[in-house]
Amino acid sequence: MKILISRRGGYCYGVQRALDIAHNAARESREPIHTLGPIIHNPGVVKELATAGVSAVDEHLDVAGGTIILRTHGVGPQVIEEIAARGLVIVDATCPYVKIAQEKASSLREQGYLPVILGEHDHPEVVALVANAGEKAMVVENADELEPAKVKGKKVGVVVQTTQASANLAALAARLAPVCRELLVHNTMCNATQKCQEEALRLAEKAGAVIVIGGRNSANTTRLAQLCRAVQPRTFHIEEVDELLPEWFQGVETVAITAGASTPPEQMEEVAARLREYGF
Ligand code: SF4
């Protein structure tokens with residue numbers, strides 16, 4: 001069996017940076033340290049950080065003292081004000097690419113555009129984008145969700161959740177352009193996601209089965225698996241190497257392995273090692 005491992009799979013720049021920031025904070029502070037929500041969608045890594053003294057909380061208003069680390073998805077201005085008002089130390093690990101999307105969302109509001117955010121409803125990154133874009137902002141997950149009557153004749157500005165696929169943005173822009181008075185599109189998709197997706201698709205085309213590793217609640221990993229499945233229906237999304245089943249690979253000559261942005265890259269090697277153990 002030939003095994004193809006993605007060179008772009010696993011931790012992206014923003015996640016690696018956030019983990020480094022969290023570990024540094026743990027080393028340098030004697031006060032309690034919390035992340036607002038799990039720092040990444042990877043239960044093993046969250047547990048490891050908790051052992052190092054950084055625990056996840058769901059609600060900043062529950063924290064009485066110490067430090068709060070903002071994770072890669074970022075938060076809205078009001079949350080930052082509330083944390084500061086409680087006298088807590090803020091360590092901002094918002095990914096710089098997410099920051100750019102937030103700034104673009106704020107600028108749309110300031111310049112009088114009707115902000116349309118392409119992203120998943122209720123995803124923390126999208127919630128923070130809405131908080132920056134203002135209460136008129138509209139969230140759509142895809143072009144079909146857009147109601148043309150709501151944007152007809154208006155000055156519309158688009159901001160994109162960083163992990164979206166480019167085809168989704170192209171479809172939305174094509175639907176908006178004929179009905180808006182003016183259309184400004186900020187392509188705030190993250191290059192790391194795009195590159196990882198493109199490489200995964202290249203590998204999936206060559207493979208008889210694809211393994212995508214990452215948390216099931218990770219938007220990034222779920223989308224990666226969906227894209228691979230469209231090319232290779234024998235695509236399996238796993239969180240742990242122990243979920244692999246030998247029968248998935250019967251008769252398969254080439255397996256591609258990739259991983260979401262919140263997955264330690266060494267997990268791809270672990271999966272490859274397990275496949276070799278099967279001895280196909
Ligand atoms: S996927 Fe991109 S935007 Fe998201 S954390 Fe990683 S580098 Fe940042």
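Reader: What share of the 280 residues of the protein chain count as buried?

Author: Buried means under 20% relative accessible area, with exposed over 50% and partly exposed in between, for a 1.4 Å probe and protein chains only; of the 280 residues here, 51% count as buried. This is a predicted model, in which local features need pLDDT of at least 70, side-chain atom pairs count only at pLDDT 80 or more, and totals for chains, interfaces and linings use all residues. Residues are numbered from 1 along each chain as its sequence is written, and side-chain values use heavy atoms, with hydrogens and water left out.

Reader: How many cavities of 30 Å³ or more does the structure hold?

Author: Rolling a probe the size of a water molecule over the atoms shows where empty space is left. A cavity is a set of points, on a 1 Å grid over the protein atoms alone, where a 1.4 Å probe fits but cannot get out, and its lining residues have an atom within 4 Å of a point. The structure holds one cavity of 30 Å³ or more, and about 40 Å³ of space lies in the largest cavity, a volume being the space filled by probe spheres set on the points, which are joined across faces, edges and corners.

Reader: Which residues line the largest cavity?

Author: The lining consists of Thr35, Ile39, Val46, Leu49, Val54, Ser55 and Ala56. Strand S3 (54–57) and helix H2 (43–51) each supply at least two lining residues, and the largest share, three residues, comes from S3.

Notes. On a 1 Å grid over the protein atoms alone, a cavity is a set of points where a 1.4 Å probe fits but cannot get out, and a pocket is an open set with protein on both sides within 12 Å along at least five of seven lines; lining residues have an atom within 4 Å of a point. Helices (H or I, at least four residues) and strands (E, at least two) are DSSP runs, numbered from the N terminus.
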